[in-house]
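Work through the following exercises with the model open beside you, and try each task before reading its solution.

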Amino acid sequence: MWAARFHGVDRGVSLDEVPVPSPGAGEALLRVHVVALCGSDLHILNGHTPVSHQPITLGHEICAEVVELPEQGNRRDASDTGVRVGDRVFVNPIVGCGACEHCELAEPNLCPGKRILGIHRDGGLAEFCVAPVTHLTPIPPGIAAAEIAMIESAGTANHALRSLGLDGHDHPTIALIGAGGLGSQVLALAVARGMRVFALDTQDQALARARRAGARGTLNSAQHPDPLAALRDLAGGPVDGVVDCVGFPSTVELGLSALKPGRTLSIVGIGSEALQTTAPAHFIRRSLRIAAIYAYTPLDIGEVSQAVAARSVALSDPGNPCVPLDQIHAALALFADKRRAPARVLITMPGAR
Ligand SMILES: [Zn+2]
Ligand SMILES: [Zn+2]
């Protein structure tokens, strides 16, 4: 089979012919349909996100079809997990060790021994991949493969929105800083929850997309000498929550300044500079909270999968291009080019339906 494998920062990615993987105990063999490229794939290419070994098949945002299940083989009867051969599934790529306190508390994203598909073990940018059957969520027929692949990044977005602690608030106002790939998912889920979202970005293209996806207002923060004042004007005052998908000192400061007292800034973007603390009087007397969000828990995946299955949210922008696996280099270049970048780029596998 063909697989897009990362050979190190110097050698980059190549399309290699490799054997179809054999499932281990408790694992299913999957025929991959669609994989979404992700900002963290670019971080792997430039060396900012280390992988455990090379070469490694990239790809962790996966929609696939179950080809073979553990023990039951090809029998079509239901396994304990409710997954059957032929099901189209979302693959949760975070495989915890299963033994530590974080795994026991259903927070495998924090497991020190976790192995993530496409980072610590072979991922989905290939015709076939393997994953634990407990990490598969069947999605009903009729849902686009692109929507299913997006469940992964939307899990992080869901986690960030949950952490704002705004359950019970009536149509709260949210500032979204950074309306790129992950920001698009935050926006889609926030709109589906009835939140009023005001999006900031430095790219007009991203802001136009945010308006199409339901943002109440948008702001190009590079074009305003005082983005905080402009945001307050736009939102009609301080906001109930901020999700920062950028994570720079300037965006964190902007987000904290934009909040009502007692509210939360969720940071999901991993910036390249050290964050600075703000003046204590500004921060403590207003009882602000900062939530650093890494990935998602099974709860987030369950909530997003249900929303996708019920079609109550649309995660993939219609403008996201689909590129076949044999054009992986062109796809990575398109995704990396900030000026041309669509929110997401989807890779389709040969023979996938
Ligand atoms: Zn990702
Ligand atoms: Zn663990």
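**Exercise 1.** Decide whether Arg344 is buried or exposed, and find which residue it meets in a salt bridge.

*Solution.* Begin with the accessibility: Arg344 has a relative accessible area of 4%, and it therefore counts as buried, a word that stands for under 20% relative accessible area, whereas exposed stands for over 50% and partly exposed for what lies in between (1.4 Å probe, protein chains only). Next, look for the partner: the side chain of Arg344 meets that of Glu61 in a salt bridge, at 2.6 Å from N to O, where a salt bridge is a side-chain nitrogen of Lys or Arg within 4 Å of a carboxyl oxygen of Asp or Glu. Then place both residues in the chain: Glu61 sits in the loop between strand 4 and strand 5, and Arg344 in the loop between helix 11 (328-336) and strand 18 (346-348), 283 residues apart. Helices (H or I, at least four residues) and strands (E, at least two) are DSSP runs, numbered from the N terminus. Finally, Glu61 is buried as well, because its relative accessibility is 0%.

The model is predicted, so local features need pLDDT of at least 70 and side-chain atom pairs count only at pLDDT 80 or more, while totals for chains, interfaces and linings use all residues. Residues are numbered from 1 along each chain as its sequence is written, chains are lettered from A and ligands numbered from 1 in the order in which they are written, and side-chain values use heavy atoms, with hydrogens and water left out.

**Exercise 2.** Name the protein donors of the zinc ion (ligand 1).

*Solution.* Donors are N, O and S atoms within 2.8 Å of the metal (3.2 Å for Na, K and Ca), and sites may look incomplete because water is not among the atoms. By this rule the protein donors are Cys38 (SG), His60 (NE2) and Glu61 (OE), which lie 2.1 to 2.3 Å from the zinc ion (ligand 1). Along the sequence, their spacing reads C-x21-H-E. As for burial, Cys38 counts as buried, because its relative accessibility is 12%.
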